[in-house]
Amino acid sequence: WVYFVAFSADGHYLASGAADTNINVFRFDAFDGRAPRTALVHVATFSDHDGIVYSVAFPPRCRPDDDTKGVLLASGSVDGTLALWRLAPPHRRDDAAAVPSKMT
């Protein structure tokens, strides 16, 4: 079950928190062609929580194009922890380059 979703302020990312203790992150990719369309691409799964993830949030000024360090994401769980994640900048291929900073 998905309990929480959040869009990044720039609209490039969508994160979800779920009962399986995972945070899934998706990126919206635009395709050129006759009919413009957008694809939702899965870029990362973070799984450092020990309980249901009830909260995910991006900072209010999320601008990955201007940030060489990537996009920050916070998550909270019923296990009493808060984790901070950093997604790699979009110009890099390793979107899931993140190490959690876990706090209780």
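Predicted model: local features only at pLDDT ≥ 70, side-chain atom pairs only at ≥ 80, totals over all residues.
Let's begin with the fold elements. The protein chain has 8 strands and 0 helices, so the pattern along the sequence is simply β-β-β-β-β-β-β-β. Among contacts with a separation of 6 or more, 41% link residues 24 or more positions apart.

Now for the inside. Of the 104 residues in the chain, 37% are buried. The largest nonpolar core holds 16 residues, and the ones touching the most other members are Ile 23, Val 25, Phe 58, Leu 73 and Leu 87. Which elements give two or more residues to this core? They are β2 (13-18), β3 (23-31), β4 (37-46), β5 (53-57), β6 (71-77) and β7 (82-87).

Setting aside neighbours within four places in sequence, Val 25 is in contact with Tyr 13, Leu 14 and Ala 15, with Val 41, His 42, Val 43, Ala 44 and Phe 46, and with Leu 73 and Leu 87.

On to the outside. The chain's accessible surface is about 6,300 Å², and carbon and sulfur atoms account for 54% of that. There is a nonpolar surface patch made of Trp 1, Tyr 3, Phe 4, Tyr 54 and Val 78, which together have about 600 Å² of accessible area. Take Tyr 3, which sits in strand β1 (residues 2-7). Is Tyr 3 buried or partly exposed? Its relative accessible area is 38%, so Tyr 3 counts as partly exposed.

Conventions
Residues numbered from 1 in each chain as written. Heavy atoms only, no water. Helix = DSSP H or I, 4+ residues; strand = E, 2+ residues; numbered from the N terminus. Buried < 20%, exposed > 50% of the residue type's maximum accessible area, 1.4 Å probe, protein only. Contact = heavy atoms within 4.5 Å. Areas by Shrake-Rupley, 256 points an atom, 1.4 Å probe, with all protein chains shown as cover. Core = buried A, V, L, I, M, F, W, Y, C linked by side-chain atoms within 4.5 Å. Patch = residues over 30% accessible without salt bridge, like charges linked within 9 Å, V, L, I, M, F, W, Y side chains within 5 Å. Salt bridge = Lys/Arg side-chain N within 4 Å of Asp/Glu carboxyl O.
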